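Student: Hi! Could you walk me through this one?
Tutor: Happy to, let's open it up.

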Amino acid sequence: MSERPEWLLKAAGGLAAAETLMLIVVLGFSGAPLAPYVIGAMLLKLPFCFFVTQRRPGALMGLVVWEVAGLLAALRPGPSIVLRLVEAGLAAVVFGLLLASVPLFPSVRLPEK
């Protein structure tokens, strides 16, 4: 496949899952009125974190989009700047790991005519 180390995928999936669980805990203790809905949406990310370690291209694309959205959401103004910077940092690291692991996925071939 590639000369890239296998640990890139496992690190990306594990760190993305840890990031998600951290945000769920913070939201759970925040008492925000929309927290249950946001937690429900965050729970949808966990299967992508697992499936990216199984080299599923759809999971890779889903996590890349999710991390870009998380990075943009963390950089908007609002309360708790420390939490937002931690989230932005985690999202940037996961995004970098995901991009570095792209060569580990099988290449797409078009059918011959």
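**Around Thr 53**

Student: Which residues is Thr 53 in contact with, leaving aside its neighbours within four places in sequence?
Tutor: Thr 53 is in contact with Leu 9, Lys 10 and Gly 13, where contact means heavy atoms within 4.5 Å. This is a predicted model, in which local features need pLDDT of at least 70 and side-chain atom pairs count only at pLDDT 80 or more, while totals for chains, interfaces and linings use all residues. Residues are numbered from 1 along each chain as its sequence is written, and side-chain values use heavy atoms, with hydrogens and water left out.

Student: Thanks! And what does the side chain of Thr 53 reach?
Tutor: The backbone oxygen of Phe 50, at 2.5 Å.

Student: Which helix does Thr 53 lie in?
Tutor: Thr 53 belongs to helix H3, residues 45-53. Helices here are DSSP runs of H or I with at least four residues, strands are runs of E with at least two, and both are numbered from the N terminus.

Student: What share of the residues counts as buried?
Tutor: Of the 113 residues, 30% are buried, meaning under 20% relative accessible area with a 1.4 Å probe, protein chains only.

Student: And how much of the contacts comes from residues 24 or more positions apart?
Tutor: They make up 71% of the contacts with a separation of 6 or more.

Student: Last one: what box do the C-alpha atoms fill?
Tutor: Roughly 55 × 25 × 20 Å, taken along the principal axes.

Technical notes
Buried means under 20% relative accessible area, exposed over 50%, partly exposed in between (1.4 Å probe, protein chains only). A polar contact is a pair of N or O atoms within 3.5 Å; within protein, one must be able to donate a hydrogen and the other to accept it, and residues adjacent in sequence count only if both atoms are side-chain atoms.
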